[in-house]
Amino acid sequence: MKKNQPNSLSFFSLFDPRMRPKGSRDPLGSESVWGHMGRRLVGNLTTVTSNLNNFFVSLLSCEYAHQNPNLELAEIQERFARMEQLLAYVRYSIPTNGSNNGILGITKVKQRLESEQGRDNHIALGLTAPLLNNQLSMGLWGLYTPAMARAELVEIDDRRLTTQGEELANHFTSHLARVWRVLCQICDSGEFSPYQLEDLTAGFDGLLGNQANRTLLVESLIASNQSCNAQSALYIVANQYLANQMEVETKSFLNYLTQCDDVLLKNHANDINQVEPILVVNDAVFTWLQGQHDEPVQKVVEKLNQRMNHNTYTVPDSPKSLPHRSFLVSSAQLLNDGHAEEYLQALLQHHREIMKRRNGAAWVEIRDDKVFVRVVSDVGKLPDAKDGFTSLSDIFENSYFLYSFLLIAQEAINKEGKL
């Protein structure tokens, strides 16, 4: 956005929720590690794309956005935002349990519908009346449509539906029938009266609550993925796992994968189970260090040494392209050998390099044989000395996109059709 330019709107047209604001989080670059490992199993979902209703809305918003041909990108985005927002109000007004779960911007939806102005007057739709601080990057355009693009349902540049996406949208708009026409008319006008929602909720609830519709969308999203060879097999095994009433939980599912008959899934799951304990220990130590400002390095090393009882840490041979592989290998070896001082130096050196790439200052460093902390946190804690780092081996912190995958997959086998 140019300086001193009035009425400008800045946004990301392709927002990747796996990325964090520079220097604000992920001080060890762990997300790039587990994200890389997770992409070998799940090709399109992210940690935030776990609500199937949002995919319904995203698909319909893409359909409405391109009803008029030859529009500029800004016009397409405006139309997308209008439909997304209107369906947020509709979903919030549906009386069935769980119908409004996952609405992005639900706080403002509630405020506007419940306000005196909302009851008596019209509520505006579009980018000038956002439900979020940035409707495009923080809404469905930025968070959900990239996952749809990787499933080949939309083109990422302008969110135009592909042939497969168009077939899905036609199926759902046919189900909505008159309700879809009314939704489009309201979006064309750019505003609505709350009383109009009463005529729309039942029809839209019928679309979302239809189990055949939910299964169709789930299978279109995650049953296979051209950029991920393992995803089709993962979908089959996930259905077996969920059909046995297993819990939607990453570690439990990974353990299930290590026992499955598919060699590729088994290998990927075993690799994750090797990498995760190293990420957990590194994160625990670094977070603890953020609360050790002015602590002598010698005392820090002593406390680390007291906890150097552990299982053997191993970095898998594949994938060779694993981000920060050399650091992970070094961490594993130093932890295995019980070299606390060298481990501390390697951890802080790696962190310093990560922050340098982000053009930021290190959060923690050593000055005059003391710990110097720029970004302080008091939430970090080391395990008890008698338990050591072994006690962290059962902790699982990262999702590898599997939690979102299970939540979406579960929608295809929900026999009761609950939302």
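This is a tour of the structure, one selection at a time.

**The whole chain**

Begin with everything displayed, and keep in mind that this is a predicted model. The chain holds 19 helices and four strands, and its C-alpha trace spans about 70 × 60 × 40 Å along the principal axes. Of its 419 residues, 51% count as buried. Among contacts with a separation of 6 or more, 73% are made by residues 24 or more positions apart.

Next, colour by confidence: the average pLDDT of the chain is 91, and 91% of the residues score at least 70. Select residues 1-23, where the pLDDT is below 50, although this stretch still has 30 contacts in the model beyond near neighbours in sequence. Where pLDDT is low, predicted coordinates should not be read in detail.

**Helices α3 and α4**

Now select residues 73-93, which form helix α3, together with residues 106-114, which form helix α4; the two pack at an angle of about 75°, with their axes 10 Å apart. Because angles of 65 to 115 degrees count as roughly perpendicular, α3 is described as roughly perpendicular to α4. To see where they meet, show the side chains of Ala88, Tyr89, Tyr92 and Ser93 on α3, and of Ile106, Val109, Lys110, Arg112, Leu113 and Glu114 on α4. Sorted by class, this contact has six nonpolar residues, one polar residue and three charged residues.

Most residues other than glycine have a negative phi, and most peptide bonds are trans. With that in mind, select arginine 159, whose phi is near 60°; this arginine is found in the loop between α8 (145-150) and α9 (163-176). Arginine 159 is buried, with a relative accessible area of 1%.

Then move to alanine 177, which also has a positive phi, near 55°, and is found in the loop between α9 and α10 (178-189). Is alanine 177 buried or partly exposed? At 35% relative accessibility, alanine 177 counts as partly exposed, since the buried class is kept for values under 20%.

**A cis peptide bond**

Go on to the loop between α16 and α17, where proline 319 lies, and display the backbone from serine 318 to proline 319: this peptide bond is cis, with omega near 0°.

Select residues 340-357, helix α18, whose 18 residues should span 26 Å at 1.5 Å a residue; the C-alpha atoms at its ends are 26 Å apart, so the two values agree. The buried residues of α18 are Ala340, Tyr343, Leu344, Ala346, Leu347, Leu348, His350, His351, Ile354 and Met355. Just after α18, look for asparagine 359, which takes a positive phi of about 60°.

**Arginine 374**

Finish at arginine 374, in the loop between β4 (370-373) and α19 (402-410). This arginine is partly exposed, with a relative accessible area of 39%. Which residues is arginine 374 in contact with, leaving aside its neighbours within four places in sequence? They are Ala361, Ala362, Trp363, Glu365 and Arg367. For a distance to check in the viewer, take arginine 374 and alanine 361, which are 13 residues apart in sequence and 8.3 Å apart in space, C-alpha to C-alpha.

Terms used:
Residues numbered from 1 in each chain as written. Predicted model: local features only at pLDDT ≥ 70, side-chain atom pairs only at ≥ 80, totals over all residues. Heavy atoms only, no water. Axes fitted to C-alpha atoms, helices over the stretch in contact; angles between N-to-C directions. Parallel < 35°, antiparallel > 145°, perpendicular 65-115°, else oblique. Contact = heavy atoms within 4.5 Å. Nonpolar A, V, L, I, M, F, W, Y, C, P; charged D, E, K, R; others polar. Expected span 1.5 Å × (residues − 1). Buried < 20%, exposed > 50% of the residue type's maximum accessible area, 1.4 Å probe, protein only. pLDDT = per-residue confidence, 0-100.
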